[in-house]
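Here are a few exercises to work through with the model open in your viewer. Try each one before you read its solution.

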Amino acid sequence: MTQYQAAGTNARLKLFVLLEAQGVPAAEADDLVAALEAGAVTGAQCEVVELDGMAPASSGPGFADGWDEGVMAVSEALVGIADRDWSRRGGRSGPLNWPYISRM
């Protein structure tokens with residue numbers, strides 16, 4: 001897990017350097033990176049949701065109920081993480097509208 005955290009931090013810093021070199025204002029760069037990170041977390045959440053109802057049939061109904069409750073708990077936790085990180089890292093509510101996107 002540590003290697004992914006280090007790689008993520010390095011990629012984040014490099015993105016800021018590249019965006020700054022392109023003249024993207026810091027606040028917009030923060031929004032863009034926050035959106036990418038929140039999107040990655042919600043992508044993981046989508047995969048977790050797909051596990052609902054996928055408990056091994058041989059484990060019995062009690063296990064299946066606990067499985068589905070666990071899936072929902074993890075799903076809700078991931079949504080909470082995305083929301084919290086989005087807010088904390090500069091994400092702003094409302095439409096994401098960066099004028100430089102059309103040039104990419």
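**Exercise 1.** Does Asp85 count as buried or exposed, and at what relative accessibility?

*Solution.* Before we start: this is a predicted model, where local features need pLDDT of at least 70, side-chain atom pairs count only at pLDDT 80 or more, and totals for chains, interfaces and linings use all residues. Residues are numbered from 1 along each chain as its sequence is written, and side-chain values use heavy atoms, with hydrogens and water left out.

Step 1: take the cut-offs, where buried is under 20% relative accessible area, exposed is over 50%, and partly exposed is in between (1.4 Å probe, protein chains only). Step 2: Asp85 has 16% relative accessibility, so buried is the label. Step 3: look at Arg84, which comes out as partly exposed at 45%.

**Exercise 2.** Find the salt bridges (a side-chain nitrogen of Lys or Arg within 4 Å of a carboxyl oxygen of Asp or Glu).

*Solution.* Step 1: searching the whole structure turns up two. Step 2: one of them pairs Glu37 with Arg12, at 2.7 Å from N to O. Glu37 sits in helix H2 and Arg12 in helix H1 (residues 2-21), so this pair links parts 25 residues apart in sequence. Glu37 itself is partly exposed, at 23% relative accessible area. Step 3: Asp85 also bridges to Arg84, with the closest N and O atoms 3.9 Å apart.

**Exercise 3.** Which residues make up the largest nonpolar core?

*Solution.* Step 1: a nonpolar core is a set of buried Ala, Val, Leu, Ile, Met, Phe, Trp, Tyr and Cys residues joined through side-chain atoms within 4.5 Å. Step 2: the largest has nine residues, namely Ala34, Ala35, Ala38, Val41, Val48, Val71, Leu78, Ala82 and Trp86. Step 3: helices H2 (26-49) and H3 (61-88) are the elements that give two or more residues to this core, with H2 providing the largest share, five residues. Step 4: apart from this core lies another, of six residues, including Phe16, Val24, Ala29 and Val33.

**Exercise 4.** What does Ala82 touch beyond its neighbours within four places in sequence?

*Solution.* Step 1: contact means heavy atoms within 4.5 Å. Step 2: Ala82 then contacts Ala38, Val41 and Thr42.

Definitions and conventions:
Helices (H or I, at least four residues) and strands (E, at least two) are DSSP runs, numbered from the N terminus.
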